[in-house]
Amino acid sequence: MKAAVVRELGAPLIIEERPDPEPEPGQVRIRLEASGLCHTDIHAARGDWPVKPSPPFIPGHEGVGIVEALGDPVEHLTVGQRVAVPWLGRACGRCEHCLSGWETLCEQQINTGYANDGGYAEKMLAWADFAQVVPDGISPRDAAPLTCAGVTTYKALKVADVRPSQLVAISGVGGLGHLALQYAKIAGATVAAIDVTDAKLELARELGADILIDARKEDPAARLQEYGGAHAAIALAVNEQAFAAAYGGLRRGGKLVLVAMPAEGTIELPIFPTVLNGISVIGSIVGTRQDLAEVFQLHAAGRTRVISEVRELESVNESFDDVLSGAVDARIVFEFAHA
Ligand code: NAD
Ligand code: ZN
Ligand code: ZN
């Protein structure tokens, strides 16, 4: 099988030929049809974060494809089914977090495309219990971005507990943001979309944003305060200043949901206004299997649109550069010729 491999953190990925992996007990082998490029894959390949992956590894946690082999004993999946393999590759199922509906916080979790080989390949392994069946009617191209960008932002809106009368700020209308905006609209909120490229602001307008804020030209915090401030701000831009702007745009009782993870960055939390204004700051990491099932359900019902551009896996290094410069249509999806 062909795979894009990180051989050294910070170096370009290398396209390699590798033997097909054999499923261990509880795993399945998937023949990939589509695989999304999440900004997290760039952080992974560069070793941006304190907990670093160990090369060589294959990134990718938006892989969608067909089950072609079962490791004994897998009972609930069958050969020929279409599944998606998210970041949460596996969790223990027994800890406090797993048992209380927060499997995304499990300390024993294994992350796809980080601790385990991911979807930048023609084939991959997945633990059957965490491979999500893709409902009929959703194309692999659409299912791929939903598998991380979708579930992550759907969950971020859930933890922000958004109501129909509220103003929600979406900071960064990229792969995650273009879906966050739609989930906020589905929740009934008024949406302010913030970005720094004309194309992304135009996309936000097409997707129904009520207020457009160009952070190159205006101060997002001041603009949001003109409307009384946001009830929730979802921080999706990979930029330290954008977090401060989102915080500054909140109204009293507002919630700042941190999702983007720049390589470095701190957010200053001035104690007095945070206390006085009853501000919540919430870290939000991906979503559970149930969240992903709901994301697929909404898409199958025609409630969301996934904006993507299709590329070949060989373009992976150039594709990373294009995501970093903001020159892509929301999400890049690699499609595989054998599919
Ligand atoms: P992306 O590159 O597709 O989108 C980022 C967007 O932010 C782009 O549209 C860019 O133009 C915009 N932007 C840049 N600077 C800005 C600024 N100053 N103000 C407003 N917008 C600005 O990235 P993505 O794939 O959507 O991922 C975003 C981040 O979320 C990454 O750091 C990624 O690792 C992280 N992420 C977190 C989780 C989680 O579970 N917490 C899950 C997936 C991704
Ligand atoms: Zn991701
Ligand atoms: Zn657990």
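Visitor: Which residue forms a salt bridge with glutamate 314?
Guide: Lysine 2 does. The closest N and O atoms are 2.9 Å apart. Bear in mind that this is a predicted model.

Visitor: Is glutamate 314 buried or partly exposed?
Guide: Partly exposed, with a relative accessible area of 43%.

Visitor: How many salt bridges does the count come to?
Guide: The count comes to 25. One of them joins the side chains of arginine 18 and aspartate 117, at 3.5 Å from N to O.

Visitor: What does that pair tie together?
Guide: Arginine 18 lies in the loop between strand 2 (14-17) and strand 3. Aspartate 117 lies in the loop between strand 7 (110-111) and strand 8 (123-127), so the bridge ties together parts 99 residues apart in sequence. Aspartate 117 counts as partly exposed, at 33% relative accessibility.

Visitor: And which residue pairs with glutamate 33?
Guide: Arginine 82, with the closest N and O atoms 2.7 Å apart. Glutamate 33 is in strand 3 and arginine 82 in strand 5 (residues 82-85), 49 residues apart. Glutamate 33 is buried, at 11% relative accessible area, while arginine 82 is partly exposed at 26%.

Visitor: Is cysteine 98 buried or exposed?
Guide: Buried, with a relative accessible area of 14%.

Visitor: Where are cysteine 38 and cysteine 148?
Guide: Cysteine 38 is in the loop between strand 3 (27-37) and helix 1 (39-46). Cysteine 148 is in helix 3, and the two are 110 residues apart. Both are buried: cysteine 38 has a relative accessible area of 3%, and cysteine 148 is at 4%.

Visitor: What about histidine 43: buried or exposed?
Guide: Histidine 43 is in helix 1. At 4% relative accessibility, histidine 43 counts as buried. Leaving out residues up to four places away in sequence, histidine 43 touches Asp48, Trp49, Val238, Met261, Pro262 and Ala263.

Visitor: Now the core. Which residues touch the most other members of the largest nonpolar core?
Guide: Tyr120, Leu181 and Ile234, out of 84 residues. Helix 3 (residues 140-160) gives the largest share, ten residues.

Visitor: Where does this core lie?
Guide: Between domain 1 (2-133 + 307-335) and domain 2 (151-283), because both give residues to the core.

Visitor: What is isoleucine 234 in contact with?
Guide: Beyond its neighbours within four places in sequence, the contacts include Ala156, Leu157, Val168, Ile170 and Val257.

Methods:
Residues are numbered from 1 along each chain as its sequence is written. Chains are lettered from A and ligands numbered from 1 in the order in which they are written. This is a predicted model: local features need pLDDT of at least 70, side-chain atom pairs count only at pLDDT 80 or more; totals for chains, interfaces and linings use all residues. Side-chain values use heavy atoms; hydrogens and water are left out. A nonpolar core is a set of buried Ala, Val, Leu, Ile, Met, Phe, Trp, Tyr and Cys residues joined through side-chain atoms within 4.5 Å. Buried means under 20% relative accessible area, exposed over 50%, partly exposed in between (1.4 Å probe, protein chains only). Helices (H or I, at least four residues) and strands (E, at least two) are DSSP runs, numbered from the N terminus. Domain bounds come from an automatic or database domain assignment. Contact means heavy atoms within 4.5 Å. A salt bridge is a side-chain nitrogen of Lys or Arg within 4 Å of a carboxyl oxygen of Asp or Glu.
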